[in-house]
Amino acid sequence: KLFLGLILIMFSQTSISCTNKIPISRIEIHYVNVYVETLNDVSCDAFEKYFGQQFYKTINITEKHLLEEFLNNLNDRKTNVDNTIDTRIKIYVYYLNDKIDVLCMDVFGHVMINNEYKGIRNKMLTFLLNNCEGLK
């Protein structure tokens, strides 16, 4: 009976961990209209300060299907040698393990993650255009 009890406990713990496949609890997106013109390129770090809270919009996404789509689109990438972007979208990715990543994107889909250039994410840009009212 003890052996059967241990197997049931191990199985229930495995089942719980398998059902929680998304490591993200939510994403918080700060954005301005992609066609806003600025005198200088806006760095990822300067986004909130440059645009100010009264100018940029914020949305939070917690729906599982949208988080899955976000992760799938994040993996779609084209490489490019450019390493600077003119930020129009800043995304805070909150993970279940309390880690936070910061993604910044420009109007052309160029992405920086934690201040490191990561290439172009066209599907991610399309996802954001479809889910952020007023982005385009």
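These legends describe close-up views of a predicted model.

**View 1. The cavity in the predicted model.** The structure holds one cavity of 30 Å³ or more. The space inside the largest cavity is about 30 Å³.

**View 2. The residues that line the largest cavity.** The lining is made up of Ile 91, Leu 103, Cys 104, Met 105, Val 111 and Met 124. Strand β4, residues 100-105, gives the largest share of this lining. Its contribution is three residues.

View 3. Six nonpolar residues line the largest cavity. The lining has no polar residues and no charged residues. Cys 104 is one of the lining residues, and cysteine counts as nonpolar here.

**View 4. Asn 114 in the loop between β5 and β6.** Asn 114 is found in the loop between β5 (110-113) and β6 (116-120). Its phi is positive, about 50°, although Asn 114 is not a glycine. How exposed is Asn 114? Asn 114 has a relative accessible area of 40%. Asn 114 is therefore partly exposed, as buried means under 20% and exposed means over 50%.

**View 5. Asn 115 in the loop between β5 and β6.** Asn 115 lies in the loop between β5 and β6. Phi of Asn 115 is near 65°. That value is positive, in a residue other than glycine. Asn 115 has a relative accessible area of 45%, so Asn 115 is partly exposed.

Definitions and conventions:
Residues are numbered from 1 along each chain as its sequence is written. This is a predicted model: local features need pLDDT of at least 70, side-chain atom pairs count only at pLDDT 80 or more; totals for chains, interfaces and linings use all residues. Side-chain values use heavy atoms; hydrogens and water are left out. On a 1 Å grid over the protein atoms alone, a cavity is a set of points where a 1.4 Å probe fits but cannot get out, and a pocket is an open set with protein on both sides within 12 Å along at least five of seven lines; lining residues have an atom within 4 Å of a point. Grid points are joined across faces, edges and corners, and a volume is the space filled by probe spheres set on the points. Helices (H or I, at least four residues) and strands (E, at least two) are DSSP runs, numbered from the N terminus. Buried means under 20% relative accessible area, exposed over 50%, partly exposed in between (1.4 Å probe, protein chains only).
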